[in-house]
Amino acid sequence: MSMEQTQALPLEKRQKLLRTAHGGTGKRTRIPVKCRQRNRFIPRFLTGVVVLTAASLLYLEIDWGKLISRVPDIGGVFWQLGHLDFSNMDLIASSLLETVSIAVLSLLYSLLLGIVFGMLAARNVFRLPWLSVLTQSFFTFLRAVPTPVWVLLMLVCLGMGAEAGVAGLCVHTTAFFTKSFAQSFESIPDETVEALEATGASRLSIFFNAILPAALSQIVAWAGMRLETNFSECAILGMVGAGGIGYVISNSLQGYDYGTAGVAILLVFLVAYLIERMFVRIKKRFY
Amino acid sequence: MTKHIPLIARDLKRLYTGFLIAAVVLFVICSILTEFNLMTLIANGDAFWTFLTEDFLPPALPRASRIPNILSSVLVTLALAISATTVAAVLAFFVALFGSEKVSPFPRFAKVVRGLATFLRNIPALVWAFILFSSLGIGTGVGFVALCITSFAFMVRAFVETMEDVSQDCVESLQAVGATFPQRVAQAILPSCLSGFLSWYLYCVEVNIRASTIVGMVGGGGVGMTLFSYIKSFRYDVALTIILLIAAMVIVVDQITSKLRKELQK
Amino acid sequence: MEPILKFDNVSKQYPNGVHALEGVSFTVTEGEFISVIGPSGSGKSTLLRAINRLIPISGGTVWLDGHAVSCQRGAALRQLRRKVGMIFQNYNLVYSLSVLQNVLHGRLGYMGGIKGVFGLYSEEDKQEAMDLLEELWLESFAYNRASDLSGGQKQRVGIARAIMQQPKLLLCDEPIASLDPSSAKTIMDLLRDMARRRNIACIVNLHQLDVALNYSSRIIGLSKGQVVFDGPPELLDDGTIERIYGTSRENLMMGGRGSDQAYSADCA
């Protein structure tokens, strides 16, 4: 239908002109369809990923045959994990409580430390570039090393106990907070700080009266986000030798006490899920 | 008589007071529960300092014959993280298509898919590793699968959210045109979400570099295992060298991914 | 004349209990230009989406070109859908693709699965899309990303995509609600002319009463999911308008006597 009807159009002439200008009737040549300017980086990136992945898999030399032949065993383990055994509930509950407490304590201590170090790392508080750079790079290093490594080292020098857990978790959490808080502090417009400087206020009083209050809502948000991470990090600490729920899980798995391990894993999941939901709720209400 | 003049809005003040009270209460309860005392920590400061100066510093090089092994273990960690993330991303893409009510051809099952992802995600990678160790035995392969599980679950959620943000509308319009499900995926979802997906992929690589070091410590192979063996044999100065190596690895990867991410957004 | 579309006592109840449509019946024949008016939440959007089953209905039958839409599944449903072009308030383009690719999306319903997946359109389709773009003064933008266009241009691409389907019926869901007045006029003129020239029936959801009165050959007034008016614009008297919108005509016309309430009526 379109042919006869477009014949009748007054713009047919215009189209014909344009078509000849493009060269030929347009029926013979292939018409491209893609964008003139498209991101040529993405195909290259994808190729790179595929090549790197293939090389990695070759390098790892994983014995896939053996792995796959044992896959049915996973079903067996899950079957046994499903037979929840509540007889060790008091042990599980107390270690879960310990884990949660360590997570919360380290979060609170790091919050204070993070504000102090964030103050040092932010460029607009003391206006000492060397101090910011020094603090930032030190904490970049601390952040780059995974938490369990710090906890292991703390275990060595402090001995078993909550202290090692709290101190070890604090290292990474403080490093994380320092970076994020410094970012929040720096997001305060320079004009505001200048205006207060003009009144003759000291650097510290500017920080506590203007910069910190303005960043407070972001600090609360970062803290909520970090609680999730801290709990799951704390839950695995037991597996590398510290106490808490992780120790119960790894110990009962190694001792083939799958019922107890099942209960503990389920509880870890529930607490993590609860924290996540709580955080989503808070975020919805205040932003 | 002077009245107290509030400086900030009432509800905001109430919110912050609430948080402060909650923090203090939590602090007291947790301190009692764990018998954690900052003073003992400070009193132990001497021991800490001796450890730091005598055992830990300065970093020492391991025996020359061990150096190639250590470097190859770094490569194992990197390879583990990259390959596990890629495999998980590919799987997550296909599963995420069924995880959004607006996109999936079977909207009723979207909730089930998301629920499964939530379950897998909220159990830490190391717990998965331990569950798998008890069925598959210790080795790099198990580390690979454990990393796959958590990053798969994470990316399913991230991909579903990206799709619902970006391509919900154009999926509807292609539906109205009469396009099939694969056509909708290839012509609407992929072009509009690919760069978003890839930047989540890069984020996951960053996370997995750290996670694969940890999984290595409990038996997944790689540099984590090397570090663990030095700590266990009390060679803390060598351990520090390896910690520095890990930090360097993580920082370099973070730098590269943030460069790539900028390039992707162009 | 053979009706293209027939609503037979159609109702829709959402899972949350809202009755979006209740006992809606009407027929549409070739070449009609119908405006659907009514306040927000009166079921306009649901009505349009019931036609191509983007929203499944819960009672009654929608007959499209002699087929009952609600009975169709899979390939048969897709074949019905390609007879119906749709234009959206938010344009719903794939913004990372070129304008030409977006227009060609209109052909996906006609193509084999694999060819469509890879976007291997035939040269005839491409030529037709280029002609269509010229007709809409967009030929110089054919290879731009759709995200580079202005609102009015995006909507013109949306029209081109719908026309590419060679539809018998065009559904427009608030086509000018996100546009400035002058682009809105261009779009409405284009819709009317293209539909008239190709003899396509057109159903347009509109917020603006004056636009509906100016352009349509027939107006359907919806209120709380029920048809309260169905007839030519001349017959739409003040009493009926009040029944549709729940407020008087003066309050709907901006700058009229009750102009301070006009916004609330328009945005209600």
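Take the contacts in chain B between residues at least 6 apart in sequence: 70% of them join residues at least 24 apart. The model is a predicted one, and that goes for everything that follows. Chain B comes out with 11 helices and 0 strands, and reading along the sequence gives the pattern α-α-α-α-α-α-α-α-α-α-α.

As for overall dimensions, chain B has a radius of gyration of 25 Å, whereas a compact globule of 266 residues would sit near 18 Å. Along the principal axes, the C-alpha atoms of chain B fill a box of roughly 80 × 75 × 40 Å. Of the 266 residues in chain B, 47% are buried.

On to the nonpolar core. The largest one has 233 residues, and the members that touch the most others are Ala129(B), Met155(B) and Phe159(B). What is Ala129(B) in contact with, once its neighbours within four places in sequence are left aside? The list runs to Val142(B), Gly143(B) and Ala146(B), plus Val215(B), Val218(B) and Gly220(B).

Next comes the meeting of chains B and C, where 18 residues of chain B are in contact with 25 residues of chain C. On the chain B side, the elements giving two or more residues are helix 8 (168-177) and helix 9 (181-220). Helix 8 of chain B gives the most, with 8 residues. Sorted by class, this side of chain B has 9 nonpolar, 7 polar and 2 charged residues.

Two packed helices are described by the angle between their axes and the distance between the axes. Helix 6 (residues 89-121) and helix 11 (residues 203-237) of chain A pack at an angle of about 145°, and their axes are 9 Å apart. The crossing of these two chain A helices is right-handed. Helix 6 of chain A brings Thr99(A), Val100(A), Ile102(A), Ala103(A), Ser106(A), Leu107(A), Leu111(A) and Met119(A) to the contact. Facing them from helix 11 of chain A are Phe207(A), Ala223(A), Arg226(A), Leu227(A), Asn230(A), Phe231(A), Cys234(A) and Ala235(A). By class, that contact between helix 6 and helix 11 of chain A has 12 nonpolar, 3 polar and 1 charged residues.

Methods:
Residues numbered from 1 in each chain as written. Chains lettered and ligands numbered in written order. Predicted model: local features only at pLDDT ≥ 70, side-chain atom pairs only at ≥ 80, totals over all residues. Contact = placed C-beta atoms within 7 Å. Helix = DSSP H or I, 4+ residues; strand = E, 2+ residues; numbered from the N terminus. Nonpolar A, V, L, I, M, F, W, Y, C, P; charged D, E, K, R; others polar. Rg over C-alpha atoms; globule rule 2.2 N^0.38 Å. Buried ≥ 20, exposed ≤ 12 C-beta atoms within 10 Å, placed from the backbone. Core = buried A, V, L, I, M, F, W, Y, C linked by C-beta atoms within 7 Å. Axes fitted to C-alpha atoms, helices over the stretch in contact; angles between N-to-C directions. Left-handed = near helix turned anticlockwise from the far one by under 90°.
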